[in-house]
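Here is a friendly look at charged side-chain pairs. Have the sequence and the 3D view open as you read.

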Amino acid sequence: MKASKRLRRFLRSPARHTLLTPGRNCWRTESVTQTGLLVDGGDYYRAFYRATQAAESYILISGWQFDSGTALLRGADAEHAQGKIQLLDFLNELCENKPALRIYMLAWDYSMLYSLDREWFQDWHFNWSTNERLKFCYDRGESFDASHHQKFVVIDGVLGFVGGIDLCASRWDERDHRPDNPLRVNSDGSNYRPFHDLQSYHVGPAAQRLAELFKQRWQIVCGDCLDLAAPDRDPGPLVFDPSVALAAQQVAISRTEVPQSRSGGKPILEIRQLFLDAIDAAERLIYIENQYCSSEALSDALIERMRQLRRRRLEIVLVIARDADAFLEQLSIGIAQSRIIRRLKQV
């Protein structure tokens, strides 16, 4: 409770805006009427299910990975559900029940290195076995070594979800992360290890900006210009329970984008720059909770900050996964991560 009160006081403090600079470490700042966090897949999937049931005009879903059979509700929630609970069946049912509703899904056109972990022929399955107003498109970026990693949802331009959780296999879990949770299973009945992540929610004009981002990306990779009218309904009260409600009245949107070869533009690295600026501005504590720690740029920034002896001594808390989930990740990330952590400990 004390930590929560300190967080709210910090978010109300005028100093919170000084770090954010549009054009440098964020695309823009935008107002919100409600905002907060949904911690772990159980809270997020439940919120997604209830919020999308209230959709009237459109639902935009962007992700790194989707799985059609992912159960959005489990346990008592599933027992009291009034309709389908598996992702694709649920979305298709929404279209069938709401003649004016359109749903657009944008997913990374993954590398063949990930093919064993993905649902095959997904573009055919999502487009040809569902309502015609449910559209699925693969994000086929022009850079071979880049991936579409934006995980956000926009509902009618009034509510947005942004964070690290995909609507796919092996992501749902509850806050206690107990090792023997019988509900933590995939659609094929297989168990998986505890999984921790979070999603944020934003009500108000910020959701319209997220819709704008989705519209831009859809036109680039799918060739269609989406007609997304301005919101014509009041967002009303939240239809889900947040894990943590925050008092902030503004949020910033930061991006990472690879330029199109025809544009000749520069890459957008706002997210990385925001991390670098935040590390440099830290006075007492940096808490980092992440799946991996393999960025040379961020580790260099941490080391540079620690070596600034004239400033207050800095405490750094780093929480990461004990090991990578797959052999490919162990090769691509594990080695770099071990080297970086060794450097940080030495400093």
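## How to read the model

This is a predicted model, in which local features need pLDDT of at least 70 and side-chain atom pairs count only at pLDDT 80 or more, while totals for chains, interfaces and linings use all residues. Residues are numbered from 1 along each chain as its sequence is written, and side-chain values use heavy atoms, with hydrogens and water left out.

## A buried pair

The structure holds 19 salt bridges (a side-chain nitrogen of Lys or Arg within 4 Å of a carboxyl oxygen of Asp or Glu). One of them pairs Arg-217 with Asp-139, with 2.7 Å between the closest N and O atoms. This pair links distant parts of the chain: Arg-217 is in helix α6 (residues 205-222) and Asp-139 in strand β5 (residues 134-139), 78 residues apart. Helices (H or I, at least four residues) and strands (E, at least two) are DSSP runs, numbered from the N terminus.

Arg-217 is buried at 18% relative accessible area, and Asp-139 is buried at 3%. Buried means under 20% relative accessible area, exposed over 50%, and partly exposed in between (1.4 Å probe, protein chains only).

Glu-212 is partly exposed at 28% relative accessibility, whereas Arg-209 is buried at 16%.

## A loop-to-helix pair

Arg-311 and Asp-280 meet in a salt bridge at 3.8 Å, N to O. Arg-311 lies in the loop between α8 (296-306) and β14 (315-319), and Asp-280 in helix α7 (residues 270-281), 31 residues apart. Arg-311 is partly exposed at 25%, and Asp-280 is partly exposed at 43%.

Elsewhere, salt bridges with shared partners join Arg-28, Glu-30, Arg-209 and Glu-212 into one network.
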